[in-house]
Amino acid sequence: VVLAVSAGFVYKVLLEGQDHLELEPEPVRSSVYAQGYYAFLAARGEPSACDDAAHGNTAVCQSDKLCEWSDPRRRCVDREVCSSTAAAAKARSRPMQSGKDGGPVWMMAIYEAVGADGAAGNILDDSILRQIERFERKLLTTAGVAVDRRSGASRWDERWCLQAYPATDAPSGTGSRGRCAAIAGPTNLLGAMLGGRPAIEEQAKDGYTTQGPGRWASCFCSQQAGPCSFCTVSGGVRQEFLEALAGASAAPPKPNFAPEMGCLFGDGATQGQVNGSSAPPAPGAEFCRASRGLDPRDFEAMSSWAAEFCGARPDCQWSPPGTSALCSSTAFYPAKDVEGLATGSEKETILERMCDESDAMWWHQRQHIFAQGFDCGRTKRVQFARTIFFPGSSATDADGLDKEYKDFQTSYIDGPSGWLAKARLLKEEVGGTSAGSLRIFLYSEATFRLQFLEVLLTDACLCILAMVLSWIHLWWSLESFFLGRMRDVAKPRGAHYSHAFVDLVRSAAGSLPIACGLHSLER
């Protein structure tokens, strides 16, 4: 039947062609809106970009003013003109790459809370959070005194951590102002809100910010919770602030914005300097709006930034990294900058903000750090959390990236005194003091190969052991079979003696199954 149907189908195709096999046109293509969309795409053609095929070689890429050639990536990328690239050439200012064509080398610790009788626990319990803080305080600083095979004992925070630099640093900086970059983890959120605000404020004043020069954050942010002074409750920009910024009036700025204007434009700055021609906008300002490359004298860029910033209805209280676009630090490192975690009412405030969908940045941090099963009900429960951090890279070319990553793996991560072994000791130490209420799992781009080889070695040993035990069991079974047959054979007088002898041999075979010469002994 199958052959007959197949033959009929082939005959029909040969006779009528393949027209009846084609699908009908998509109904959406008949819509005038869809036709206009596809007509626009056809008229526009393929947009030119730095990562397209036309920019595949160094000469074409460098001839385009909007592009630059990236040696580590071996491809053409968009040229960065904002001051955020000031630290690009500094030590450990970029995440380490897993070889020439690999991605960032991430390090991760996953935490699981275990309740009574193995039930799901709550990672937000104060006792469990204190154990996590204790573990990370050692892991992110001394790393359990991990040893680099080339240079001896090597601290994570001094030798390997990804570093953040002030936004206003010149590209020729020596790197002496670099600090370990902020991590993503529960201690980052709960530590900053307890006693970390003064540290965040000082770091922001030194330039460790995500938007604007360092002084911008100190112009608008404070220790008190509440909206920014230049934003309205509905998410708009206060007109008085725009007038003060633009210098539209000859009168002195309004008292409530005089400190902000003086802070933005430095000592001795006046309102008339905003639109004055004494200093033109910074080069490339058109590409740097809403970024740290903003020039406060560029009114159009500043007003656009203020409108976008206020539209998110931000809180201008000093906050953990990743929870505020302005009032946070890129270098807040809880393992060194603060001791203790938020508890009581302050902890409840943090959890409420993480469960508020209208607070986008806090909401995102909750999804990034805690498990998807986060219960935002009255009890606020979640079983899992994670901390992510990165090693920094100082390599400047593809070969340097590859060598740096291999040295990191073989010299620092691997070995009986390497990072992985010391981190496991720390994990066991914390696990012992937590009475089994906290489990810690360590994963990393740099340890996957080592951990996989350990699994293979364990499996190989178990397979060999299983093979030996199976052989012993089969040998014992075979010998027991022959010895059991001897009992059934008719014996002459004195058979009771033979039975006793057989019992002795069987017990010997059971206690020493690999014994040789049992057949001759039976004979």
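A network of salt bridges joins Asp148, Arg150, Lys403 and Asp407. A salt bridge here is a side-chain nitrogen of Lys or Arg within 4 Å of a carboxyl oxygen of Asp or Glu. By this rule the count comes to 19 salt bridges.

The model is predicted, so local features need pLDDT of at least 70, side-chain atom pairs count only at pLDDT 80 or more, and totals for chains, interfaces and linings use all residues. Residues are numbered from 1 along each chain as its sequence is written, and side-chain values use heavy atoms, with hydrogens and water left out.

| Pair | N to O distance | Elements | Sequence separation |
|---|---|---|---|
| Arg439 and Glu112 | 3.6 Å | β11 (438-444) and β4 (107-113) | 327 residues |
| Asp126 and Lys347 | 2.7 Å | α4 and α13 (344-354) | 221 residues |
| Lys138 and Glu429 | 3.1 Å | α4 and α16 (419-433) | 291 residues |

Helices (H or I, at least four residues) and strands (E, at least two) are DSSP runs, numbered from the N terminus.

How exposed are the partners? Buried means under 20% relative accessible area, exposed means over 50%, and partly exposed lies in between (1.4 Å probe, protein chains only). Asp126 has a relative accessible area of 30% and is partly exposed. Lys347 is buried, at 9%. In the remaining pair, Lys138 is partly exposed at 34%, and Glu429 is partly exposed at 31%.

Helix α4 takes part in two of these links. Asp126 in α4 reaches Lys347 in α13. Lys138 in α4 is tied to Glu429 in α16.

**The cavity**

Helix α4 returns here. A search of the whole structure finds one cavity of 30 Å³ or more. A cavity is a set of points, on a 1 Å grid over the protein atoms alone, where a 1.4 Å probe fits but cannot get out; lining residues have an atom within 4 Å of a point. Grid points are joined across faces, edges and corners, and the volume is the space filled by probe spheres set on the points.

The largest cavity has a volume of about 60 Å³. Its lining consists of Glu133, Glu136, Arg137, Thr187, Pro334, Ala335, Val338, Gly340 and Leu341. Which element gives the most to this lining? Helix α4 does, with three residues. Both α4 (126-139) and α12 (334-337) supply at least two lining residues each.

By class, the lining has four nonpolar, two polar and three charged residues. In this scheme Ala, Val, Leu, Ile, Met, Phe, Trp, Tyr, Cys and Pro are nonpolar; Asp, Glu, Lys and Arg are charged; the others, Gly among them, are polar.

**Positive phi angles**

Most residues other than glycine have a negative phi. Arg92 has a positive phi of about 55 degrees although it is not a glycine. Lys380 also has a positive phi, of about 55 degrees, and is not a glycine.

Where do they sit? Arg92 is in the loop between β2 (75-78) and β3 (94-95). Lys380 is in the loop between α14 (360-369) and β9 (384-389). Arg92 counts as buried, at 10% relative accessibility. Lys380 counts as buried as well, at 5%.

**A buried loop residue**

Leu326 lies in the loop between α11 (299-311) and α12. Its relative accessible area is 0%, so Leu326 is buried. Leu326 and Phe220 are 106 residues apart in sequence, yet their C-alpha atoms are 8.7 Å apart in space.

**The surface patch**

Phe9, Val10 and Leu14 make a nonpolar surface patch of about 330 Å². Patches are made of residues with over 30% relative accessible area and no salt bridge; nonpolar side chains (Val, Leu, Ile, Met, Phe, Trp, Tyr) are joined within 5 Å, and like charges within 9 Å. Accessible areas come from the Shrake-Rupley method with a 1.4 Å probe, and for residues only the protein chains shown count as cover.

Val10 lies in helix α1 (residues 2-16). Val10 is partly exposed, with a relative accessible area of 45%.

Note on methods. 1 Å grid on protein atoms, 1.4 Å probe; cavity = no way out; pocket = protein on both sides within 12 Å on 5 of 7 lines; lining within 4 Å.
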